[in-house]
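Subject: The structure you asked about

Hi there,

Here is the structure I promised to pass on. Have a look at it first, and then read my notes below.

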Amino acid sequence: MAVWIKPLHSLFSNRQLYWELLVRDILTNVRGSMLGLAWVLITPLVLVAIYTFVFGVVLKSTWIGQTESPLEVPLIYFLGLVTFSFFFEIITRSPEFIRSNKTYVTKIVFPVDILAWVVVGTSAMKLLASIALLAVFMVLVMGHLPAGLLLLPVIYLPLLFLCTGLAWILNAIGTYVRDLYQFLLAVAPVFMFVSPIFYSIEQVPSSARAVFWFNPLTFVLENARAVLFFDGRIDWTGYLTFWAGALLVFFAGYAFFQKARRGFADVI
Amino acid sequence: MTARNAIVARGITKTFSRSSNQVAKLWHVLSGGRSRNAFRALDGIDLEVPFGEAVGIIGRNGSGKSTLLQILYGTMEPSAGTVELNGRTSAMLELGAGFNPAFSGRENARLSAAVHGLAADEIDNRMEDIERFADIGIYFDRPLQEYSSGMFARLAFAVSSHVDASILIVDEILGVGDNAFQKKCHAFMQGFVDSGNTIVFVSHDPAAVMSLCRRAVWLENGRKAAEGDSSQVTKAYVDALYGLDGSGGDGQPAGAPVEMPAEDWQWQKSCEIEVSPFRPESPSHGFGGCVIEDCCFTGEDGGRLGRLVAGMQVTLIIRARVARRVDSPIFGFMFRDENGQNLFGDNTYLAYKDEPVSAGAGTVLEGRMQFTMPYLPVGRYSLAPSVIEGTQSNHIHLDWREEAVFLDVVRSPVTAGCLGLVMQKIEVDC
């Protein structure tokens, strides 16, 4: 089997199991709570409320005056924040994910590589719910759905692959090196402020801008914002570069994981 | 070519790195290199199991039984050697592996079946059988956290036995549940073998191995100590445990000959307990200043015991190296069952309350407590020794070891409750 098809083939041939695990993973956190799945929507709402207050009311906002209605500004933050929490959740859950599912490693012959897809899938479902919420707000504020909404899946798809590759790498290292989780928790806030969530890449001094493009969220945030709120277009050259980088991480991550997983049972 | 054997394993060797450096372990796997500081858990094991045969694997704790099972099943990679399995394999290495207590029995059964590779329609077809076999009534649709441990075991076994395997790998899981459940499990395994399937069965219980398997393998320190007819192999194993053939195997004196309790009471069966060696790697907590280096049982002659019988006088010895001056040290222990429930424990405080000893840095302290070993039901128990400083009400923990010694009750007359009662006399008047 060609090397490049292997990671997808594993997911496809275990799709039944994957689906069961994904549903289980999504429900696990809310099972037993009174509001249940509603928490998937409540959490981002609270998040956007507090950030809107701080960055929209207390501090002077970046985008005031650029949008048709001032009420769109909180929605711009909302988009940025849910995108960041998608990424944040994946990188902080991945290092511990194999250990917290250790029976799948030590007690059952199991396609461990699909656990990374589970982490990404759960976060993707939450992102989807948040974007549906965003669409509802946009209709309320603008009176219509922006056509750019249709382009969002195109923009986010490479990020999905990139995050899966990253999840494999973090899965593998985190299973051996327990400090990784703590390290990522420590640097995550830093990462949040070096992503263009509360500001636009144009505000970054041009000397530092090149570095920003190495942040995988930069491309997604800038382009999603442009097509949704400013009638912009996707930067197609950048898009192809982004895909190339995403696929590189994806396959490298898979290869690394496959190598490291052979020792999982010895260390957990 | 048609295979004659369901399982063919050749030269299985497994080494574990002793290094505690996490990065080094990762590097070790990635580079595929050999670790110099390695511990050899299995050493060149060959095993052939023909179709339709049940083979039993016996050996004391730490002899490599579980490692071998994990390698045969495929959850662990051998350092050297090959394994060939001819048939769909299912393992019961742990009852209810991967079950989630927040979900119902049915939901857990679904996921578990999917994990074992069943397709959606196969699972739906089998759900009724699983429900019937588990036989837990309306609880099948209740979350697992409402289950008793017996119901949990029933559900788990029902699921594992309905995934259509032709090779079954069973670790010591059948010590749980009530008698009726254990009989059901054994009946199932017997039927499984009789219909031409294959089982690898690990147990501490020589009787269980003999009743199910015609052939047995005895592992000692990662090597085959004996292989052949199960009744002969299990007899040799039991003799060695009792120290009758004089060879202890792992460098430690094997259990000295065990005296049966003087007045053997009405039960026909004695309560036999296997004791693991002290586990230096057992989880430790406390403020330090003192490190527990050994914890063992000795008999009346002072010899270390690998096997106890309930009712005998034993001395629990806890030995600790003192790193700084310790005033009024107290030795204590807690004896727990499989669920972590405290069964009994005691300490040396009261005996030394009025004339406390003190120990200087570098010395070795030894605490000894002699008691009568109580009767316990079959199962795995653990012993947590501790050294504390101060008084019973005001003290600090210097070293406290969880699961420093495992005790396996392999045979017991006790069937009801957590402890057996030493009944002296029973009379009915009318």
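Please keep in mind that this is a predicted model. Chain A contains twelve helices and zero strands, so its elements read α-α-α-α-α-α-α-α-α-α-α-α when you start from the N terminus. Of the 268 residues in chain A, 39% are buried. Take the contacts in chain A between residues at least 6 apart in sequence: 76% of them link residues at least 24 apart.

**A helix pair in chain A**

Two packed helices are described by the angle between their axes and the distance between the axes. For helix α6 (residues 114–142) and helix α7 (residues 152–176) of chain A, the angle is about 145 degrees and the axes are 9 Å apart. The crossing of α6(A) past α7(A) is right-handed. Which residues meet there? From α6(A) come Leu115(A), Ala116(A), Trp117(A), Val119(A), Val120(A), Ala124(A) and Ile131(A). On the α7(A) side they meet Leu152(A), Leu160(A), Cys163(A), Thr164(A), Ala167(A), Trp168(A) and Asn171(A). By class, the residues of this contact are twelve nonpolar, two polar and no charged.

**Where chain A touches chain B**

Chain A gives 26 residues to the contact, and chain B gives 26 residues. On the chain A side, the elements that supply two or more residues are α2 (15–28), α5 (103–106), α7, α11 (236–260) and α12 (264–267). The largest share, five residues, is from α2(A). That side of chain A is made up of twelve nonpolar, six polar and eight charged residues.

**Two backbone angles to look at**

Most residues other than glycine have a negative phi, and most peptide bonds are trans. Asp231(A) is not a glycine, yet it has a positive phi of about 50 degrees. You will find Asp231(A) in the loop between α10 (216–229) and α11 of chain A. Is Asp231(A) buried or exposed? Asp231(A) counts as exposed because 10 other C-beta atoms lie within 10 Å, and the cut-off for exposed is 12 or fewer.

In chain B, Glu403(B) also has a positive phi, near 50 degrees, in a residue other than glycine. Glu403(B) sits in the loop between β21 (395–401) and β22 (405–411) of chain B. With 17 other C-beta atoms within 10 Å, Glu403(B) is partly exposed.

Happy browsing, and do write back with any questions.

Best wishes

Definitions and conventions:
Residues are numbered from 1 along each chain as its sequence is written. Chains are lettered from A and ligands numbered from 1 in the order in which they are written. This is a predicted model: local features need pLDDT of at least 70, side-chain atom pairs count only at pLDDT 80 or more; totals for chains, interfaces and linings use all residues. Axes are lines fitted to C-alpha atoms, for helices over the stretch in contact, and angles run from 0 to 180 degrees between N-to-C directions. Helices (H or I, at least four residues) and strands (E, at least two) are DSSP runs, numbered from the N terminus. A crossing is left-handed if the near helix is turned anticlockwise from the far one by less than a right angle, and right-handed if clockwise. Two residues are in contact if their C-beta atoms, placed from the backbone, lie within 7 Å. Ala, Val, Leu, Ile, Met, Phe, Trp, Tyr, Cys and Pro count as nonpolar, Asp, Glu, Lys and Arg as charged, and the others, Gly among them, as polar. A residue is buried if 20 or more other C-beta atoms lie within 10 Å of its own, exposed if 12 or fewer, and partly exposed in between; C-beta atoms are placed from the backbone.
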